[in-house]
Amino acid sequence: MDEKLKEIFNSAGIILNDLQAKQFTQYYDLLIEYNKMFNLTAITEPTEVFVKHFVDSALPYKTIVEGATVIDVGTGAGFPLIPLKIMRPDIKITLVDSLNKRVNFLNVVVEKLGFTNVKCIHSRAEDLANNVEYREKFDVCVARAVAKLNTLAELTLPFVKVDGVLLAYKSDVEAELVGASRALTILGGKLDKVLSFELPLGMGRRTIVVVNKVARSPNKYPRGQNKPKNNPL
Ligand code: SAM
């Protein structure tokens, strides 16, 4: 399994060392073992998991600065931040999800993979972002498959320090970008660029929207009562 993983990462231009290959294998085994109990992923076939979850999540690992504090909002089974932590053991990570069973799974993964500098938190982003210990405290926020960009901006940018960055993983972003520019501006964000990647084995194209935090987010955001989703900025 480790060799197969290395080969697939190689075809995406990413070289795994032995420890990284072992950690991805352990993560895969846990995903499959706990999937029935915790409903973690619809994809279970090894090659598909390696490409669509692991490589996809790991793609921007070089863009994160040394020793950065990174938060993953709506991490689910740990995507994208567990693969990023495997690639970048120097980063300090916080994994957040509103479903407790997924957070329980993340605690198992963190223990088994022997990670340090990790927090797993059961909370809604709207609540946690209004906690002074977490508000505007992170160098980087990542999020994958959580919400449209206008909603996502409200759920994520309040966590990011001024001069920090949001990496929003998207499969098709063109339409969302236009609709999100107002939300980004209100929350202190400025679109920097859109990174584009081809997944190995013809498994699709991925984009990552890079948003710089250029001003503080007003205290009234994020709003409660599902407003970020039902009535986006
Ligand atoms: N990011 C993971 C991935 O790419 O596989 C999970 C994606 S899943 C479709 C969306 C996740 O976001 C779920 O685990 C859900 O519980 C979580 N979520 C949705 N809204 C949230 C919120 N407001 N605060 C925290 N977590 C949230």
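Start by selecting Leu 195 and Ile 208: the bridge partner of Leu 195 in S7 is Ile 208. You are looking at a predicted model, so local features are given where pLDDT is at least 70, side-chain atom pairs count only at pLDDT 80 or more, and totals for chains, interfaces and linings use all residues. Residues are numbered from 1 along each chain as its sequence is written, and side-chain values use heavy atoms, with hydrogens and water left out. Helices (H or I, at least four residues) and strands (E, at least two) are DSSP runs, numbered from the N terminus.

**Stop 1: the S6-S7 hairpin**

Together S6 and S7 form a hairpin with six residues between them. In the turn, pick Leu 201, which has a positive phi of about 60°.

**Stop 2**

Colour S7 by accessibility. Seven of its nine residues are buried, so mostly it is covered. Here buried means under 20% relative accessible area, exposed over 50%, and partly exposed in between (1.4 Å probe, protein chains only).

Now select Val 210, which sits in strand S7 (residues 205-213). Is Val 210 buried or exposed? Val 210 counts as buried because its relative accessibility is 6%. Show its contacts, meaning heavy atoms within 4.5 Å. Leaving out residues up to four places away in sequence, Val 210 touches Val 165, Leu 166, Leu 167, Lys 190, Leu 191, Asp 192, Lys 193 and Leu 195.

On to S5: six bridges join S5 to S7, and the two run antiparallel.

**Stop 3: the whole sheet**

Show every strand. What is the order of the seven strands in this open sheet? The order is S3-S2-S1-S4-S5-S7-S6, with mixed pairing. S3 and strand S6 (189-198) stand at the edges, each with a single partner strand, so one side of each has no neighbour in the sheet. On average, neighbouring strands of this sheet are turned by 20° against each other, direction ignored.

For a parallel pair, select S1 and strand S2 (residues 92-97), which are joined over five bridges. Asp 72 stands opposite Leu 95 in S2.

Helix H7 (residues 149-156) packs on it, touching S1, strand S4 (138-144), strand S5 (160-170) and S7, and its direction makes about 145° with that of S5. Axes here are lines fitted to C-alpha atoms, for helices over the stretch in contact, and angles run from 0 to 180 degrees between N-to-C directions. Helix H8 (residues 174-186) lies across S5, S6 and S7, running at about 145° to S6.

**Stop 4: helix H1**

Jump to helix H1 (residues 2-11), where Leu 5, Lys 6, Ile 8 and Phe 9 are buried. They cover an arc of only 165° around the axis, which puts them on the same side of H1; the arc is that of the directions from the helix axis to the C-beta atoms. Turn to the other side of H1 and you find Glu 3, Glu 7 and Ser 11 exposed. The buried residues of H1 pack against helix H2 (18-38) and helix H3 (46-58). Just after H1, Gly 13 takes a positive phi of about 80°.

**Stop 5: backbone details in the loops**

Most residues other than glycine have a negative phi, and most peptide bonds are trans.

- Phe 79 and Pro 80: the peptide bond between them is cis, with omega near 10°. Pro 80 is in the loop between strand S1 (69-73) and helix H4 (81-87).
- Tyr 221 and Pro 222: a cis peptide bond joins them, with omega about 0°. Pro 222 is in the loop between S7 and helix H9 (227-230).
- Asn 117: phi is positive, near 60°. Asn 117 lies in the loop between helix H5 (100-113) and strand S3 (118-122).
- Asn 226: phi is positive, near 65°. Asn 226 is partly exposed, with a relative accessible area of 35%.

Definitions and conventions: Two strands pair if DSSP finds at least two bridges between them.
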